Amino acid sequence: MQTTAGRLARLGFADGARAERLLDELGPEAVGDIDLLTSLVAAADPDLALTSLNRLAEQDPSVLGALRADPGLRERLLGVFGVSAALGDHVVRHPDHWRMLGGALAVDRPSEEELRSELLLAVGAEPDDSEPRAADASTATLSALRAAYRGRLLHLAARDVTGVVSLSGVTAELSDLAGAALEAGLAIARSEHPEAGAVRLAVIGMGKCGARELNYISDVDVIFVAESREGPDGSDVSLDEHEAIKLATRLAQGMMRACSTSTPEGALWEVDAALRPEGKAGPLVRTLASHLAYYRRWAKTWEFQALLKARPVAGDAELGQQYVAAMNEMVWQAATRDKFVEDVQAMRRRVEAHVRSGEADRQLKLGPGGLRDIEFAVQLLQLVHGRLDPLLRRRATLPALGALSRGGYVGRDDAKALAEAYTFLRQVEHLIQLHRLRRTHVVPEGNADLRRLGRSLGMTADPVGEFTTRWRRHAMEARRLHEKLFYRPLLQAVARLPESEDRLSTAAAKARLEALGYADPSGALRHISALTTGVSRRAAIQRTLLPVMLGWFADAPDPDAGLLGFRQVSDKLGSTPWYLRLLRDETAVASRLARMLGTSRYVTGLLMNAPEAVAMLGSDTELASRPVEALLSEARTVVARHPGDAEGAVAAVRALRRRELFRTAVADLSGIIGIEEVGQTLSGLNDVTIQAALDAAIDKVEMERRTSLGTRFAVIAMGRLGGVESSYGSDADVMFVHSPLEGVPEREATETAFEVANELRRLLALPAPDPPLLIDPGLRPEGKAGPLVRTLASYAAYYERWSSPWESQALLRARFSAGDAELGVGLLHLADPLRYPEGGLSDSAVLEIRRLKARMEAERLPRGVDPALHTKLGPGGLSDVEWVAQLIQLRHAGMRPSLRTTRTLEALSAAVTEDLLSEADEAVLAEAWRFASRIRDAIVAVRGRASDTIPVDARERTLIAQALGYPPDGASDFVDDYRRATRRARRVVERVFYED
């Protein structure tokens with residue numbers, strides 16, 4: 001036979017035995033009261049509702065009879081008790097407050113004026129006064145305000161949980177209640193300042209308070225504006241502007257304390273004035289003229305976005321209306337501001353940064369698919385289109401979304417889905433906050449909490465499962481807001497879509513694209529039309545892809561270039577079955593492609609001629625640098641497929657290089673590899689290309705001569721190639737050496753070697769749709785005036801007799817690159833005594849190197865270029881750092897083998913190990929070298945061509961800064977950081993290199 005406890009558990013109580021005990025404590029009438037038990041079971045949390053009822057009955061036993069007599073009271077009171085432990089505590093402290101939930105007035109909504117009067121009376125102020133003053137500012141007065149406020153909160157929550165009032169009604173009443181509390185707080189502040197009548201103070205509600213969409217528990221955002229009070233003749237009564245602002249500030253501070261001070265009844269909420277001009281660093285109160293001056297000159301776009309919600313909520317209503325009217329004139333011009341897009345992006349980053357790690361997937365407000373996603377997008381659309389369409393100028397989110405839908409800026413179905421998601425998320429937020437009356441936006445994890453939430457929303461079969469499923473569905477729908485609110489209508493404006501909705505006009509589509517950062521909205525619309533128009537499967541997939549990709553392009557540094565590149569790649573690969581399927585099914589590929597196309601002309605150019613490389617964008621593993629041995633094996637296989645066709649062989653090798661350049665550039669821009677690995681990868685790739693081209697050149701020369709080469713041949717890497725520090729725009733600095741085979745006359749062998757060297761250079765210089773690899777033999781003995789190729793003996797004779805210090809310095813970078821390895825190593829052994837002199841450098845040689853460096857600084861910098869922005873020859877740039885390392889090597893490597901390296905940073909590190917350079921100096925030099933190297937590569941990536949100078953053009957600087965990882969507004973920070981790094985490096989150069 002089932003016990004009473006078991007039956008209660010089956011009905012929905014989590015602890016049947018405890019529920020039985022509490023019902024017994026209520027008395028025999030309660031135990032047999034079926035209506036009472038039914039109402040308790042219907043509550044979101046029956047155990048919580050019964051607990052609060054039991055506590056209230058101890059304070060006021062008459063409540064039980066009232067519940068039996070009034071079903072409406074029973075439903076409302078137990079409904080609140082089942083949702084809110086905090087309001088249950090409040091009713092227990094104030095047992096008379098439950099009575100406001102019974103009778104006819106229990107379902108009536110109080111007017112804004114009624115709420116204001118009630119809270120003013122609670123603090124002893126006369127509501128009819130133009131500037132009411134409270135009786136005093138005592139703790140008792142503050143507690144009375146809180147008790148009256150929570151009584152009204154109880155009344156509203158009862159109507160909310162029983163479905164009498166809609167979400168918009170709840171948020172509007174909460175906002176009116178907050179305004180009434182602010183008015184009462186201001187009355188308390190006036191009671192502390194008898195002279196308060198000499199100043200007019202208006203409280204402007206911002207955020208949710210201003211929009212009349214406040215939560216149960218929120219900070220109340222405000223801005224204060226004040227003026228001196230004028231007499232009947234227009235003259236000031238007593239205070240000048242400075243004194244008036246001081247008095248108004250004291251009143252504002254007093255009002256904030258009246259609302260936020262903790263009392264035995266707790267606090268109301270924080271009054272947050274951080275949205276004022278200059279934020280927390282600015283004055284709390286300003287005059288209207290001061291506000292206008294700030295917004296006209298200094299305000300950022302996000303501040304106008306915040307002003308969308310501005311509304312007078314307390315204090316001097318006339319002054320508040322003047323403030324809002326003046327601000328509105330500027331708000332609706334914000335989208336035309338120069339940095340509109342950058343400011344919007346910066347705001348988005350700030351929003352995302354406020355999500356705590358580990359909470360993102362449970363955050364109703366800031367997480368993916370959260371409330372802020374929807375609010376932010378609606379506000380941005382209002383700013384974009386509200387300039388020309390006054391019907392969009394609504395404060396609250398849902399009315400604004402409705403206006404956007406009616407105006408054709410958002411599809412009707414999309415607006416409906418987002419409104420449903422927004423309403424659901426706000427309802428959940430309210431239920432979470434009501435439980436403890438705490439400001440939170442995080443969905444709890446416990447089953448008991450989730451069960452209460454689900455039951456509060458009418459889910460009874462499987463409250464936890466139903467709630468979680470519905471919440472995730474709405475969040476996912478909201479997360480697609482950029483497609484829903486921004487990009488889908490752009491397709492409607494240009495494509496023949498089978499939809500009956502009003503289409504976005506061309507002018508509105510252009511305005512939206514411009515607001516998203518597209519510099520050429522007309523061109524962007526043409527590209528969208530070309531990609532999506534038609535009935536083909538390709539056009540259909542593009543219509544699915546583009547809404548999302550347009551958002552990714554907008555987040556890239558150059559959206560126009562990204563969209564153009566996407567169209568070009570799609571034109572080449574659109575008919576290839578795997579291409580569109582890959583982008584549709586692999587989000588990572590599509591996202592990274594959009595980012596690369598919108599960042600790098602260099603990458604785009606490579607992709608134009610190797611579109612199949614899109615396939616490697618799917619994972620970081622695919623972008624990892626390939627071993628040189630594997631590349632060399634592949635290159636030799638490629639050459640072997642073209643017997644007798646040197647041009648074809650080298651073209652195929654250059655295609656291989658193009659693919660690997662793409663892999664490296666994408667890995668670089670994605671932050672997968674650092675600048676040193678970029679240099680190693682590019683240098684190894686250049687070695688492989690030179691070796692393959694050399695093999696092809698030798699085959700051709702031997703075929704034309706119809707005999708074997710007759711000499712061994714090697715290529716020695718010099719410069720950045722020799723230092724394994726190649727950049728995207730580097731030439732290949734080399735020297736050629738040959739050694740005749742036994743029995744072959746030296747003159748004949750030299751002619752053959754000369755043919756091979758020239759053929760190698762020709763093959764790599766042939767016009768081709770990929771970045772060239774130009775062979776530069778200018779560092780050979782005697783420079784351009786000397787023979788292109790020498791024998792080992794000729795090198796030995798030259799270096800023994802004619803070599804100068806600069807050639808010894810150049811040989812520090814010499815290493816074997818391609819050809820006969822034994823011969824190459826032989827030349828390097830020959831060079832060792834010159835680059836690593838056993839006794840170090842003489843004082844005269846050191847002086848000559850310093851003079852050469854100084855002359856180079858004076859003569860080789862291009863005219864009109866700011867030296868501080870020249871990454872190679874400027875002070876603290878690459879040349880400075882490299883010459884420091886090389887001078888240390890020339891002076892000490894003969895005795896200290898650890899310094900014998902061709903790489904700059906390795907040489908500096910070895911110098912620290914050998915106590916020739918301090919760790920601090922090495923760190924400064926290495927930082928400047930890495931920074932300058934990254935900038936050179938970023939310039940090539942962004943512009944598609946090499947340059948050693950940071951561009952003057954502001955837009956190009958911004959693009960380069962973003963490629964380096966700076967935010968859209970970080971161009972000045974990027975230049976400042978570089979100047980700072982190179983200034984520090986130059987000081988080290990002057991001390992270490994010049995011994996100044």
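## Terms and model

A residue is called buried when its relative accessible area is under 20%, exposed when it is over 50%, and partly exposed in between, with a 1.4 Å probe and protein chains only. Helices (H or I, at least four residues) and strands (E, at least two) are DSSP runs, numbered from the N terminus.

This is a predicted model, in which local features need pLDDT of at least 70 and side-chain atom pairs count only at pLDDT 80 or more, while totals for chains, interfaces and linings use all residues. Residues are numbered from 1 along each chain as its sequence is written, and side-chain values use heavy atoms, leaving out hydrogens and water.

Helix 36 spans residues 792-801, and its buried residues are Y795, Y798 and Y799. They lie on the same side of helix 36 because they cover an arc of only 90 degrees around the axis; the arc is that of the directions from the helix axis to the C-beta atoms. A793, E800 and R801, on the other side of helix 36, are exposed.

The buried residues of helix 36 are covered by parts that include strand 7 (732-740), strand 9 (789-791), helix 37 (805-811) and helix 38 (821-835). Contact here means heavy atoms within 4.5 Å.

## A salt bridge between loops

Side chains of opposite charge can pair when their charged atoms come close. A salt bridge is counted when a side-chain nitrogen of Lys or Arg is within 4 Å of a carboxyl oxygen of Asp or Glu. This rule gives 63 salt bridges.

One of them pairs E131 with R229, with the closest N and O atoms 2.3 Å apart. E131 sits in the loop between helix 9 (112-122) and helix 10 (139-161), and R229 in the loop between strand 2 (220-228) and helix 13 (241-260), so the pair ties together parts that are 98 residues apart in sequence. E131 is partly exposed at 21% relative accessibility, and R229 is partly exposed at 23%.

## Salt bridges within helices

In helix 18 (residues 371-385), R372 and E375 are three residues apart, which separates them by about one helical turn. Their salt bridge has its closest N and O atoms 3.5 Å apart. R372 is partly exposed at 25% relative accessibility, whereas E375 is buried at 4%.

E857 and K853 are four residues apart in helix 39 (residues 843-859), about one turn of the helix. The closest N and O atoms of their salt bridge are 2.5 Å apart, and both E857 and K853 are buried. Elsewhere, salt bridges that share partners join R626, E634, R659, E660 and R663 into one network.
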